[in-house]
Amino acid sequence: MNKIIFILIGLLLTTTYAQEGASTPLNIGVSDELTLGLPSEVGLDSTYIYQKVDSIMSLGIQQEAFPGAQLLVAKNSKIVFHQAYGFHTYDSIQPVALNDIYDLASVTKVTAALPALMKLHGEGKLDLDKPFSTYWKPWQKKADKKDLTVREVLAHQAGLTPYIIFLNEIIKKNGKLKKRWVSNHPSSKYNSHAYENLYISNRFKKKIYREINKSTVSDEKKYKYSGLTFLLYPQIVENLTGMEYSKYLRTNFYDPLGNTTMGFNPKEKGFPNKIVPTETDTIFRHTLTRDWVHDENAALMGGISGNAGLFATAEDLARLMQMYMNYGVYKGKRYLEEATIKEFIRVQYPENENRRGLGFDKPLLDNSDQDLKDAYPAPQASAESFGHSGFTGTFIWADPKNEMVFIFLSNRVNPTRDHRNIYRLNIRTALNSVFYEAERTKLN
């Protein structure tokens with residue numbers, strides 16, 4: 001009898017999928033969607049978790065790593081921890097709430113641009129080993145770019161220029177904005193909304209494209225992080241699908257997942273949720289950046305980009321990451337091909353000391369050998385795990401081997417981006433480690 005019970009329990013804790021590439025998941029007893037649960041239900045020590053997380057978050061707020069933050073962790077398809085700490089700003093007026101909307105910064109790369117690219121790859125419309133210039137025609141005339149493959153570009157192995165500050169193109173030496181590019185009023189020539197009463201010339205996007213096309217490429221092909229092509233992906237997605245980028249994402253991913261607040265330019269959506277402010281901008285917007293994208297390049301693209309600009313709640317992010325961790329399936333619906341996700345989360349160029357997947361960040365190649373202070377994301381994270389961080393203080397990670405989704409959201413750039421104690425104190429690595437250690441603590 002005991003043996004039968006043991007077998008039944010084992011089945012309830014296992015999710016089995018059909019063979020690779022099949023469209024239908026075979027679920028035995030476990031839901032492929034997120035539900036609420038307790039740490040103890042998935043073998044985690046609840047007391048240990050709350051004590052450790054409260055201590056780390058309190059330290060972060062005291063040391064001004066961020067004015068407030070929230071953490072969501074799911075284990076075995078159960079949200080076992082979701083807590084908010086601190087306030088939106090250091091004036092301690094607006095407490096952080098669990099349904100607050102955050103500026104995701106570079107997390108946008110793997111939650112907006114990447115799902116679109118993965119879907120197109122699964123449909124045979126994007127070949128990873130073809131030249132990037134196949135999909136971005138201007139590069140066919142650039143000797144240093146025409147042969148770079150999509151794979152090299154997505155893995156940050158192409159030698160591309162890391163970043164271009166396009167804000168320099170619209171600001172005069174006296175600090176005033178150039179009227180040829182920026183207007184305080186919308187019109188047929190200025191309909192790209194960058195911020196309250198700031199509208200960008202329709203022609204500026206083409207200038208961004210030209211500057212990227214002219215940017216230099218290193219002769220040495222080694223790991224060098226570059227976000228430039230993520231400014232191009234919205235147009236590439238539109239070219240390949242005939243559908244506007246944000247609508248494509250909403251139709252194919254966000255709406256069916258139930259991610260109602262995930263999207264661009266949330267100020268224009270009228271959500272009842274509070275949107276957490278970011279930096280007090282003294283150069284471009286001359287005010288606290290609130291309700292609009294923090295990243296200047298994304299702002300100059302009208303807030304809709306592949307490098308930054310996406311906003312979401314923690315639960316929105318958790319559903320998307322759970323879908324990735326389920327290798328493309330969520331709540332019985334297949335969004336992406338299993339083989340596609342497995343290829344994108346795989347380390348592409350380990351022989352070049354490049355830890356990256358395709359778009360996704362990965363653990364350090366020797367991560368398991370590192371101490372907590374040197375590890376990324378945490379020394380216990382499996383080599384199969386993947387995710388991305390964001391400049392505003394966001395971080396998402398999924399570990400298929402340990403069936404864990406980790407979502408950390410903060411606005412560490414408030415009041416300025418010079419606040420870097422989130423890195424010095426190693427906040428996100430320490431928090432991530434807690435949930436691996438909580439399993440060991442429970443076992444002991």
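Where in this protein is the place of glutamine 83? Glutamine 83 sits in strand 5, which covers residues 78–86. Keep in mind that this is a predicted model.

Look at how glutamine 83 is placed. Its relative accessible area is 29%, so glutamine 83 is partly exposed. That class lies between buried, under 20%, and exposed, over 50%. Set aside the neighbours within four places in sequence. Glutamine 83 is then in contact with Tyr50, Ala69, Gln70, Leu71 and Leu98. Now follow the chain to threonine 108. Glutamine 83 and threonine 108 are 25 residues apart in sequence. In space, they are 23 Å apart, C-alpha to C-alpha.

Step back to the whole protein. There are twelve helices and 18 strands. Along its principal axes, the C-alpha trace spans about 80 × 50 × 40 Å. The protein has 444 residues, and a compact globule with that number would have a radius of gyration near 22 Å. The protein has 22 Å, which agrees. Of the 444 residues, 56% count as buried. Next, take the contacts with a separation of 6 or more. Residues 24 or more positions apart account for 63% of them.

What about the interior? The largest nonpolar core holds 98 residues. Within this core, Leu154, Tyr324 and Ile407 touch the most other members. Take leucine 154, leaving out residues up to four places away in sequence. Leucine 154 touches Leu114, Leu117, Leu128, Phe230, Tyr233, Phe344, Gly357, Leu358 and Gly359. Another core, of 30 residues, lies apart from the largest one. Val42, Val73, Phe81 and Tyr85 are among its residues.

Now for a pair of helices. Two packed helices are described by the angle between their axes and the distance between those axes. Helix 3 spans residues 108–122, and helix 7 spans residues 245–257. They pack at an angle of about 75°, with axes 10 Å apart. Helix 3 is therefore roughly perpendicular to helix 7. On the helix 3 side, the contact is made by Thr111, Ala112, Ala113, Pro115, Ala116, Lys119 and Leu120. Helix 7 brings Tyr245, Tyr248, Leu249, Asn252, Phe253 and Tyr254. By class, this contact has ten nonpolar, two polar and one charged residues.

End with lysine 207. Is lysine 207 buried or exposed? Its relative accessible area is 14%, so lysine 207 is buried. Lysine 207 lies in helix 5, residues 204–214. Beyond its neighbours within four places in sequence, lysine 207 is in contact with Glu169 and Trp181.

How values were computed. Residues numbered from 1 in each chain as written. Predicted model: local features only at pLDDT ≥ 70, side-chain atom pairs only at ≥ 80, totals over all residues. Heavy atoms only, no water. Axes fitted to C-alpha atoms, helices over the stretch in contact; angles between N-to-C directions. Helix = DSSP H or I, 4+ residues; strand = E, 2+ residues; numbered from the N terminus. Parallel < 35°, antiparallel > 145°, perpendicular 65-115°, else oblique. Contact = heavy atoms within 4.5 Å. Nonpolar A, V, L, I, M, F, W, Y, C, P; charged D, E, K, R; others polar. Buried < 20%, exposed > 50% of the residue type's maximum accessible area, 1.4 Å probe, protein only. Core = buried A, V, L, I, M, F, W, Y, C linked by side-chain atoms within 4.5 Å. Rg over C-alpha atoms; globule rule 2.2 N^0.38 Å.
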